[in-house]
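Please walk through this protein chain step by step, from its rings to its pockets and loops.

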Amino acid sequence: MDLHEDARSQQDDLARLRRDLHREPEIGLDLPRTQERVLRELDGLGLEVSTGTDTTSVTAVLRGKGSARDSAQPRTVLLRADMDALPVQEATGLDFAATNGAMHACGHDLHTTSLVGAARLLHTHRDRINGDVVLMFQPGEEGWDGAGVMLKEGVLDAAGRRVDAAYGLHVFSSMLPSGQFASRPGTLMSASHKLLVTVHGEGGHGSMPHRAKDPISAAAAMITALQTMITRRLDIFDPAVLTVGVIRGGTKRNVIPATAEFEATVRCFSDDTAALLDTTIRETIDGVARANGVTADVVFENEYPVTVTDVDETAFGAEVVRETIGEQYYTELPNPVAGSEDFSRVLAAVPGTFLGLGALMPGLEPHTAPNNHSPYADFDPSVLSRAATVYAELAVRRLDRFAEGAMR
């Protein structure tokens, strides 16, 4: 079956669907318009469709000829696409740009569209598919742990038994040339942690700081000390990144406030470093607080675990890309990526892999183009047919391998 040729014939329809999704982005776990559109696109494909109870997810099961309901040795593969957007005011100037204060700045509109395309391809060739395929349309990837919610709702068992392998895909508006796939075996993406610090001092007049206990200067010292802690307390071969994105404190330039706050994201690549960070962050903040005569409340929360791909499944994913798209269109990443993904929860439960896909707009350079999450991020829609092809080929070929193994 020539899935790539079939996918190319869908390209214009997929591009239109992507534009429609891009115009109406939704944030978090509640995506009613997006869910409605996905359900409409899947209608008529003969899928067993269910929706989430705690989120507006869509789970669709395609039954092949060796269905998990009928086979003595059933096999099932899961394909995942996230659907949510970001609270970013779009500044691309596109004629289909969002105007509601949200934006598909991370390309999830392309993911959703590509998985719809894969569903159509699989439907067309379902009589040649050796098993079942679970299509996981997930809300809430951007900080809402939508994958965790869908796992609790039973997405891995949607076909009637636990899926045997799982695959995800993510587009990038920079870093990779358009159409280029990339991944690596083992540690692929970092764990994510949330740091919230509230510094308690004593307010006073800005002209007499010695009569107050300034939480702002203490918070500033803490932020600097944390950066030093990262370089002096952690192994450089098992690194971490700590970035402060929010600072709050004060109401007027000549008033020392009673409290100040800051928030940071913390990324690392191992459980050992995560545990060490929890301890050393608290020790560092406590030491700076005591030196400045203030106190501090610290919240350090684990958000997403490290994304770890299966070695064999990643080699299989690379093989699929090379054989269906072209030898030159797969690159093995030399290092992990410091971004985080809740698909890590799926890969912790079943073997699988996660592929990056370059969607660099024509005329731009990979290292200078606006990156994901930028209000200027734009994505090359020509990659949609390739993404749909790879999604579908991963399912078809993996189920074929399972069937061959069962025959032997």
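The charged end of Arg386 sits over the ring of Tyr329, at 4.2 Å from the ring centre. A charge sits over a ring if NZ of Lys or CZ of Arg is within 6 Å of the ring centre and within 35 degrees of the ring normal. Arg398 places its charged end over the ring of Phe316, 5.7 Å from the centre.

A word on the model itself. It is predicted, so local features need pLDDT of at least 70 and side-chain atom pairs pLDDT 80 or more, while totals for chains, interfaces and linings use all residues. Residues are numbered from 1 along each chain as its sequence is written, and side-chain values use heavy atoms, with hydrogens and water left out.

A pair of aromatic rings is described by the distance of the centres and the angle of the planes. Rings of Phe, Tyr and Trp (its six-membered ring) pair if their centres lie within 6.5 Å; planes under 30 degrees apart count as stacked, over 60 as edge-to-face, and the rest as tilted. The structure holds 2 aromatic pairs. One of them joins Tyr167 and Phe316, with 6.0 Å centre to centre and 45° between the planes, which makes it tilted. Tyr167 lies in strand E5 (residues 165-172) and Phe316 in helix H7 (residues 311-324), so the pair ties together parts that are 149 residues apart in sequence. Helices (H or I, at least four residues) and strands (E, at least two) are DSSP runs, numbered from the N terminus.

Buried means under 20% relative accessible area, exposed over 50%, and partly exposed in between (1.4 Å probe, protein chains only).

Next come the pockets. They are found on a 1 Å grid over the protein atoms alone: a pocket is an open set of points where a 1.4 Å probe fits, with protein on both sides within 12 Å along at least five of seven lines, and lining residues have an atom within 4 Å of a point. Grid points are joined across faces, edges and corners, and a volume is the space filled by probe spheres set on the points.

The largest pocket holds about 950 Å³ of space. It is lined by 34 residues, and the closest to its centre are Glu142, Thr265, Arg267, Ser340 and His373. Several strands contribute at least two residues each to this lining: E5, E8 (191-200), E10 (240-249), E12 (259-268) and E13 (295-304). By class, the lining has 11 nonpolar, 14 polar and 9 charged residues. Ala, Val, Leu, Ile, Met, Phe, Trp, Tyr, Cys and Pro count as nonpolar, Asp, Glu, Lys and Arg as charged, and the others, Gly among them, as polar.

The second largest pocket has a volume of about 220 Å³. Its lining comprises 13 residues, with Phe172, Met175, Leu176, Leu333 and Val337 closest to the centre. Strands E6 (181-183), E7 (186-189) and E16 (352-358) each supply at least two lining residues. E16 gives the most, with 3 residues. This lining has 11 nonpolar and 2 polar residues, and no charged ones.

Most residues other than glycine have a negative phi. Met175 counts as partly exposed, at 44% relative accessibility. Asp145 also has a positive phi, near 55°. Its place is the loop between strand E4 (132-138) and helix H4 (146-152). Asp145 is partly exposed, at 21% relative accessibility.

The loop between E6 and E7 holds Arg184. Arg184 is buried, with a relative accessible area of 16%. Ile281 lies in helix H6 (residues 271-291). Ile281 is buried, at 0% relative accessibility. From Ile281 to Pro74 the C-alpha distance is 48 Å, and the sequence separation is 207 residues.

Finally, a record. UniProt lists residues 196-276 as "domain: Peptidase M20 dimerisation" in an unreviewed entry. Its positions are given in the numbering used here, feature names are shortened, and annotations may be inferred rather than shown by experiment. Over residues 196-276 the chain is 31% helix and 36% strand, with the end C-alpha atoms 17 Å apart.
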